[in-house]
Amino acid sequence: MSGRFSQEAMTRAMREIATGLGVPTDDAQLLRLTNNAVFALPRSGIVIRIARTHRLRERVTKVVQLARWFADIDAPSVRLAPEVAQPVEVGDLTASVWTYVPGNASAPTVEDLGSTLRCFHALDSPPFSVAAWDPIGDARRRLVDADGLSSEDHDYLMAWCDRLEPQIAALSQRSERTLIHGDAHVGNLLREPSGRVVFCDFDSTCIGPWQVDLAAVAVGTARFGAVEACGRLTNAYGCDITSDSDWTVLREARELKMIAAAAPLLASSSAVADEFAVRMRSIEQVDSTRRWTPFADLT
């Protein structure tokens, strides 16, 4: 499928960015094609990450600011590529450039996620403004950029947002708030050559209830069939999120994110569109047993 955010369009943008940086692209590897197109250029030691929705392009600026602060305080985070003016603009797209972390024989585990999350949650708030957790606003912004979304699905998702919004507001009001990653799962961990495990992908990083960061694995356990992951994270972090009094709201917020995130990409991938339909029907039919496939596995 073609579109503003297709693989072909992202590849052209990556090559234009690389040309501007003076680096070759003959070894470029597409690592991920979900909310961002992520390309590794191993010989040049960089990763180019291009936002695939115009409505969320301001996040790239936020991510760059956070990454610079993380480097200053030696937080467990991947580092920006040195000596690159960021963010990088290419046409009407926005990108960031990162230090490449080569694959490691010892891949990060759920236990690593628990310990790294504990370090992350212990960080002070940044010395600059960071937005509050707002899964409803996030979903609505993605729906505005949704190519190929039917009017029926659009209306259903907007009604879901309207219903969930006061519950999210009440949860945020009564909860302890801290810096949260916002999309905390093993796929957003990297193991550096030194052995240190660090986070990547700070698009969703914000100030909010720390419990949000435990919901991703718990929902993934239910939807993707990762049977042991939730229990292992509970042991590593020291909290069973599924026993939390706010678990139902946290689960819905996560599931909304996992569906709305694909809305801008429907015109660019038939596989994503098919999986989106599976997720929508399972929510509409209140079918918690229907298994989902990660969007990252489809591209």
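Trainee: At what angle do the axes of helix α4 and helix α8 cross, and are the two helices roughly parallel or roughly perpendicular?
Mentor: In this predicted model, α4 covers residues 135–144 and α8 covers residues 247–260. Their axes come within 10 Å and cross at roughly 15 degrees. Angles under 35 degrees count as roughly parallel. Therefore α4 and α8 are, at roughly 15 degrees, roughly parallel.

Trainee: Which hand does the crossing of α4 and α8 have, and which residues of α8 make the contact?
Mentor: α4 passes α8 in a left-handed crossing. On the α4 side, the contact is made by Pro-135, Ile-136, Asp-138, Ala-139 and Arg-142. On the α8 side, the residues are Ala-253, Leu-256, Lys-257 and Ala-260.

Trainee: How many residues in the contact of α4 with α8 are charged?
Mentor: Sorted by class, the contact has 6 nonpolar residues and no polar ones. The number of charged residues is 3.

Trainee: How far apart are the axes of α6 and α8, and at what angle do these helices pack?
Mentor: The axes of α6 and α8 are 9 Å apart. An angle from 65 to 115 degrees counts as roughly perpendicular. α6 and α8 are therefore roughly perpendicular to each other. The packing angle is about 75 degrees.

Trainee: Which residues of α8 meet α6, and how many residues of that contact are nonpolar?
Mentor: From α6 come Val-212, Ala-215, Ala-216, Ala-218, Val-219, Arg-223 and Phe-224. They meet Trp-247, Leu-250, Arg-251, Arg-254, Glu-255 and Met-258 in α8. By class, the contact of α6 with α8 has 4 charged residues and no polar ones, and the nonpolar count is 9.

Trainee: Which helices each supply at least two residues to the lining of the second largest pocket, and which residues lie nearest its centre?
Mentor: This pocket has a volume of about 480 Å³. Helices α2, α4, α6 and α8 each supply at least two lining residues. The lining has 28 residues, and those nearest the centre are Arg-59, Asp-134, Asp-138, Ser-204 and Cys-206.

Trainee: How many charged residues does the lining of that second largest pocket have?
Mentor: The lining includes 14 nonpolar and 4 polar residues. Asp-138, one of the residues nearest the pocket centre, also takes part in the contact of α4 with α8.

Trainee: Which peptide bond is cis, and what is its omega?
Mentor: The proline concerned, Pro-87, is found in the loop between α2 (58–73) and β4 (88–90). The cis bond runs from Gln-86 to Pro-87, with omega near -5 degrees.

Trainee: What are the phi values of Asp-74 and Val-286?
Mentor: Asp-74 is also in the loop between α2 and β4, while Val-286 lies in the segment after α9 (270–284). Neither is a glycine, yet phi is positive in Asp-74 and in Val-286. The values are near 60 degrees for Asp-74 and about 50 degrees for Val-286.

Technical notes
Residues numbered from 1 in each chain as written. Predicted model: local features only at pLDDT ≥ 70, side-chain atom pairs only at ≥ 80, totals over all residues. Heavy atoms only, no water. Axes fitted to C-alpha atoms, helices over the stretch in contact; angles between N-to-C directions. Helix = DSSP H or I, 4+ residues; strand = E, 2+ residues; numbered from the N terminus. Parallel < 35°, antiparallel > 145°, perpendicular 65-115°, else oblique. Left-handed = near helix turned anticlockwise from the far one by under 90°. Contact = heavy atoms within 4.5 Å. Nonpolar A, V, L, I, M, F, W, Y, C, P; charged D, E, K, R; others polar. 1 Å grid on protein atoms, 1.4 Å probe; cavity = no way out; pocket = protein on both sides within 12 Å on 5 of 7 lines; lining within 4 Å. Points joined across faces, edges and corners; volume = space filled by probe spheres on them.
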